[in-house]
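Please read the numbered points with the model in view.

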Amino acid sequence: MTILIFVLVLWYGGLFFQSFFLHRYAAHQVFTMSKTMERITFILTWIFQGASYLSAYGYGIMHRMHHAYTDTEKDPHSPSHDANLFAMMWKTKTIYQDINKQRIEVDQRFTKDVPQWKGFDQFASSRFSRLLWITGYVLFFALFATAWWQWLLLPLTFLMAPVHGVIINWFGHIYGYVNFKMKNTSKNLFRFDFLMMGEGYHNNHHKHASRANFGVKWYEIDMTYVVIKLLHTMRIITLKNT
């Protein structure tokens with residue numbers, strides 16, 4: 001039971017900060033926060049994403065490119081132009097690293113106001129940091145695993161963020177339903193997104209990219225947006241009028 005709770009905390013904790021900070025803040029800037037709060041959120045993202053930490057800078061730019069080039073050959077991740085999900089994951093990783101390490105020239109429209117904390121990103125993305133988290137996960141499993149099958153969940157803890165990405169960027173362009181007919185393959189994975197905290201309403205998001213709430217229908221409850229609204233009410237962040 002302890003292992004399952006641990007994996008669920010990593011799943012939903014990492015997913016929340018990917019959706020809240022990397023996606024809605026870094027890429028789309030649907031709300032603002034103070035510099036101090038931004039730095040705190042960088043650290044919380046590292047804690048919950050752990051071994052699979054993603055840079056707000058690299059993620060924000062790449063996601064903007066995805067919206068600009070959806071389902072074209074310039075799309076950083078598209079089932080329409082990748083043979084399988086592993087090919088897409090590898091392509092995404094390569095583009096992400098090239099952006100982060102500034103090995104490729106990026107159009108200025110994709111970089112405007114994307115948050116960056118270079119020193120922290122270098123540490124959090126380093127091999128040392130990732131190995132530190134992996135070692136911690138292995139030790140936790142060694143202490144609390146009570147059945148052999150629980151060890152099958154260990155690789156998931158190493159690759160949590162890429163798995164989250166694949167669910168949306170691969171399956172979210174193949175399976176599901178459509179609220180808005182668009183010139184791309186984006187779909188809503190769930191009518192109630194219990195798994196991806198609102199990220200599963202991918203078709204809705206492609207239609208209204210700057211909208212903080214990814215849900216459109218009454219039953220499409222966006223749990224990340226619920227937290228965003230709470231933080232706005234508490235004046236920790238400020239929602240923009242979108």
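1. The model is predicted.

2. The chain contains eleven helices and two strands. Read from the N terminus, its elements follow the order α-β-α-α-α-α-α-α-α-α-α-α-β. The radius of gyration is 18 Å, close to the 18 Å given by the globule rule for 242 residues, so the chain is as compact as a globular protein of that length. Along the principal axes, the C-alpha atoms fill a box of roughly 50 × 45 × 40 Å.

3. Of the 242 residues in the chain, 49% are buried. The accessible surface comes to about 12400 Å², and carbon and sulfur atoms account for 64% of that surface.

4. Contacts between residues at least 6 apart in sequence were also examined; 67% of them join residues at least 24 apart.

5. The structure holds 26 aromatic pairs. One of them is formed by tyrosine 137 and phenylalanine 158, which are stacked, with 6.4 Å from centre to centre and 15° between the planes. This pair links distant parts of the chain, 21 residues apart: tyrosine 137 lies in helix α7 (residues 127-144) and phenylalanine 158 in helix α8 (residues 154-158).

6. Are the two partners of this pair buried or partly exposed? Tyrosine 137 has a relative accessibility of 3% and therefore counts as buried. Phenylalanine 158, at 23% relative accessibility, counts as partly exposed, because the term buried is kept for values under 20%.

Technical notes: Residues are numbered from 1 along each chain as its sequence is written. This is a predicted model: local features need pLDDT of at least 70, side-chain atom pairs count only at pLDDT 80 or more; totals for chains, interfaces and linings use all residues. Side-chain values use heavy atoms; hydrogens and water are left out. Helices (H or I, at least four residues) and strands (E, at least two) are DSSP runs, numbered from the N terminus. The radius of gyration is taken over C-alpha atoms; the globule rule is 2.2 Å times the number of residues to the power 0.38. Buried means under 20% relative accessible area, exposed over 50%, partly exposed in between (1.4 Å probe, protein chains only). Contact means heavy atoms within 4.5 Å. Accessible areas come from the Shrake-Rupley method with a 1.4 Å probe; for residues, only the protein chains shown count as cover. Rings of Phe, Tyr and Trp (its six-membered ring) pair if their centres lie within 6.5 Å; planes under 30 degrees apart count as stacked, over 60 as edge-to-face and the rest as tilted.
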